[in-house]
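Please open the model in a viewer in which residues can be selected by number.

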Amino acid sequence: MDNANDANNAPEQDDPIKGVGCARKRKEDARFIQGKGNYVDDIKMPGMLFADMVRSPYAHARIKSINKEKALALPGVHAVLTADDLKPLNLHWMPTLAGDVQAVLADEKVHFQYQEVAVVVADNRYIAADAIELVEVEYEELPVLVDAHKAMDDDAPILREDLVGKMDGAHSKRVHDNHIFNWQAGDKDATDRVFEQAEVTVKQDMYYPRVHPSPLETCGCVASFDKVNEHLTVYITSQAPHVVRTVVSMLSGIPESKVRIVSPDIGGGFGNKVGVYPGYVVSIVASIVLGVPVKWVENRMEHLSTTAFARDYHMTGEIAADSDGRIKALRVNVLADHGAFDACADPSKFPAGLMHICTGSYDVPVAHLNVDGVYTNKAPGGVAYRCSFRVTEAVYVIERTMDVLAQKLGIDKAEIRRRNFIKAEQFPYQTALGWEIDSGDYHTALEKVLEACDYEGLRREQQEKREKGELMGIGLVTFTEIVGAGPTRNCDILGVGMFDSAEIRVHPTGSVIARMGTITQGQGHQTTYAQIIASELGIPSDEISIEEGDTDTAPYGLGTYGSRSTPVGGAATAVAARKIRAKAQKIAAHLLEVSEQDLEWDVDRFKVKGVPGQEKTMKEIAWAAYNDRPEGMEPGLEAVDYYDPPNFTYPFGTYLCVVDIDKYTGVTKVRRFYALDDCGTRINPMIIEGQIHGGLNEGFAVAMGQELPFDEQGNILGNTLMDYFIPTFVETPKWETDYTVTPSPHHPIGAKGVAESPHVGSIPTFTSAIVDAFSHLGTTHLDMPHNAFRLWQHIRELGLDKRTG
């Protein structure tokens with residue numbers, strides 16, 4: 001590991017319990033490296049049929065007719081379903097997590113390219129693929145809207161005819177038929193007054209382009225309806241299986257007790273697998289109608305084109321400050337492109353998620369945020385691509401605007417941050433936009449990074465290179481994230497509050513099984529949850545089994561996304577384990593014939609205070625729980641906890657990046673990237689390291705190459721892996737990692753979560769470095785992605801390719 005000084009990276013053999021703080025290897029990896037994973041496409045059932053989608057080639061068009069005859073005549077085809085077939089079931093539209101509705105199959109017109117128009121069900125996927133080519137659809141093309149800035153023009157084409165005249169939106173009044181919501185936070189009048197009187201103001205427009213999480217496994221499901229027992233089982237690529245069960249029950253009318261959702265191994269999620277997609281719904285309908293299992297698995301082009309995107313935010317950041325660079329006010333305006341339906345996986349009370357964390361790590365006295373959401377002819381969605389509900393956009397806008405302020409005042413970007421940090425003694429800190437940041441130590445984190453990277457030496461080197469006409473950039477970001485969705489007062493999905501759960505059972509011989517309401521997509525839950533239980537109960541984590549993803553066995557939970565596993569699921573695990581330990585203490589007191597107050601806990605046993613040798617191990621207590629208990633106590637050692645957190649958690653970090661740009665080609669070399677994260681209590685440093693590396697890789701991909709652009713006709717460009725940038729080992733820079741530890745005061749073990757922070761923090765760091773390479777020439781901002789062609793264009797605009805010094 002890069003962190004040679006990581007005292008928490010203790011080898012496994014040093015800790016027989018292998019609990020919190022132990023850098024142990026992941027328990028789940030054995031099956032994966034042997035190819036024994038169990039994914040949705042591995043599910044095979046007798047009589048199973050396959051579904052494939054007929055998709056629209058147009059971004060906006062009226063459907064004149066659909067002819068199924070040739071497809072139905074193809075041997076092996078069992079059914080072709082359209083919206084008209086779903087209407088008697090009232091399943092042609094479905095509710096979204098954002099309070100809108102979305103067409104399951106296009107109803108009279110299509111709203112984006114590749115929208116689902118019909119579904120073919122056949123004996124195998126090859127016949128289904130042939131059959132979709134035989135479905136004849138006649139379209140009448142309509143005017144296309146892809147520019148969010150034109151969505152509310154007087155002459156803009158009306159996209160959602162089902163909403164015409166309905167001005168009461170799910171979140172606010174609508175002011176145009178293409179308008180979704182207006183959401184504001186903070187004090188507008190007070191903020192405006194500060195700007196009017198400020199010594200210094202800066203303003204920067206920026207676009208955070210539409211990107212896609214593109215996990216290793218695409219979306220899919222296998223639906224199987226038992227007509228005899230009227231039970232529905234669905235194997236599905238879902239980050240929130242219990243929520244899917246609730247939605248399926250609401251849509252189908254099948255009692256929730258007869259619906260089983262199973263999320264087996266999932267090849268990555270990153271927010272993309274939170275929502276419910278039309279493919280899931282039509283597979284369930286087909287299985288109910290045909291009485292056999294039906295599988296649907298999308299291909300990569302379908303996945304990139306139609307499942308939930310991320311970002312697509314047009315943002316303007318403004319800061320009012322004094323001449324010394326101290327912030328007096330912040331103003332942020334956002335135009336949010338939500339595509340054809342508001343299907344954002346944003347389970348919060350706020351239509352733009354947690355965007356109002358945009359005050360960042362800074363002591364901002366007054367602020368105002370304004371967000372307008374609009375419809376366009378693009379695929380719907382909007383997910384927290386490895387972040388918590390628009391936190392990436394929030395961090396990006398404040399960090400970019402801070403750089404602009406530093407540049408205008410001629411103050412170093414490290415110093416401008418140092419002057420504006422929330423101080424350690426100010427926590428818990430109430431932000432101007434309504435959050436209570438639980439804990440932090442931003443100054444220590446910054447100084448540690450600057451010293452480790454010899455920041456002053458880098459600045460001297462940069463000046464020398466500039467004198468030679470070379471392009472070297474230094475990026476610096478100090479970010480605060482908000483994770484752990486979340487408190488029920490702030491977050492829910494379709495009215496279900498966002499608690500999470502753990503059920504722990506200790507067997508007579510002392511081994512443990514725990515079932516969780518979360519679901520792993522590669523985060524190492526089987527390892528880290530076992531470590532939490534190990535530390536709480538003194539039972540080796542190797543003897544603790546973790547199960548997730550099966551709604552028939554797991555307690556109800558809201559799933560895994562927004563870095564909520566450790567802040568919420570991990571908290572539930574610790575609290576449930578403590579309930580068990582409290583009962584175990586009563587049993588130990590009974591066995592040792594002392595009062596509970598005479599006992600103290602030591603790693604894996606209760607000891608009688610001051611009496612060496614008088615003790616009972618947890619395994620001895622577990623055996624006694626089934627045969628020698630205090631009178632009146634029920635047998636067993638087990639507990640369930642549903643944890644509704646009192647607050648979010650706020651991990652933070654300081655990242656530094658050094659780049660060299662070839663002024664003749666625009667090719668960028670990331671010479672150094674140093675990432676310091678503070679995630680509170682560190683459960684498994686090895687897993688933390690892996691999660692940070694993964695997040696940094698994705699951040700590098702977004703900043704340097706990922707984008708889903710559209711042409712004026714609404715044709716999606718770059719929706720294959722030939723065009724969409726997925727970095728490999730060849731392109732990925734070397735990462736250096738570091739940490740500080742500032743526990744969360746309200747979390748049972750002080751943990752904050754870490755998996756999303758590297759993605760959130762790295763993206764503005766790359767942009768900061770790229771822009772810094774040109775800042776001495778007056779450049780204040782460059783929109784992503786920072787690929788070689790775009791940088792070469794900027795170099796030509798500046799005439800740098802013709803300069804020799």
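**First stop: a buried pair**

Select arginine 331 and aspartate 192, which form a salt bridge with their closest N and O atoms 2.7 Å apart. A salt bridge here is a side-chain nitrogen of Lys or Arg within 4 Å of a carboxyl oxygen of Asp or Glu. The two partners come from distant parts of the chain, 139 residues apart: arginine 331 belongs to strand S16 (residues 327-337), and aspartate 192 to helix H5 (residues 188-197). Helices (H or I, at least four residues) and strands (E, at least two) are DSSP runs, numbered from the N terminus. Both arginine 331 and aspartate 192 are buried. Buried means under 20% relative accessible area, exposed means over 50%, and partly exposed lies in between (1.4 Å probe, protein chains only).

Before moving on, note that this is a predicted model, in which local features need pLDDT of at least 70 and side-chain atom pairs count only at pLDDT 80 or more, while totals for chains, interfaces and linings use all residues. Residues are numbered from 1 along each chain as its sequence is written, and side-chain values use heavy atoms, with hydrogens and water left out.

**Further salt bridges**

Next, select arginine 418 and glutamate 415, whose side chains meet in a salt bridge at 2.5 Å, N to O. How far apart are arginine 418 and glutamate 415 in helix H10? They are three residues apart in helix H10 (residues 413-420), and therefore separated by about one helical turn. Arginine 418 is partly exposed, at 26% relative accessibility. Glutamate 415 is also partly exposed, at 24%.

Now select glutamate 547 and arginine 515, where the side chains form a salt bridge of 2.9 Å, N to O. Glutamate 547 is in strand S25 (residues 544-547) and arginine 515 in strand S24 (residues 512-516), so this pair ties together parts 32 residues apart in sequence.

For a group in place of a pair, select Glu399, Arg400, Asp403, Asp412, Lys413, Arg417, Arg459 and Asp772 together; salt bridges that share partners join them into one network. How many salt bridges does a search of the whole structure find? The search finds 64.

**Peptide bonds and backbone angles**

Select phenylalanine 427 and proline 428: the peptide bond from the former to the latter is cis, with omega near -5°. Proline 428 is located in the loop between H10 and strand S18 (429-430). Another cis peptide bond runs from methionine 784 to proline 785, with omega near 0°. Proline 785 is placed in the loop between helix H17 (757-772) and helix H18 (788-798).

Continue to asparagine 90, where phi is near 60°, a positive value in a residue other than glycine. Asparagine 90 sits in the loop between H3 and strand S4 (93-95), and it is exposed, with a relative accessible area of 55%. Phenylalanine 270 likewise has a positive phi, near 55°, and is not glycine. Its place is the loop between strand S13 (259-262) and helix H7 (278-290). Phenylalanine 270 is partly exposed, at a relative accessible area of 25%.

**Across the model**

Select aspartate 84, which lies in helix H3 (residues 83-86) and is exposed, with a relative accessible area of 53%.

**The whole protein**

Finally, display the entire protein, which contains 18 helices and 32 strands. Its C-alpha trace spans about 85 × 75 × 50 Å along the principal axes. Of its 805 residues, 63% count as buried. Among contacts (heavy atoms within 4.5 Å) with a separation of 6 or more, 79% are between residues 24 or more positions apart.
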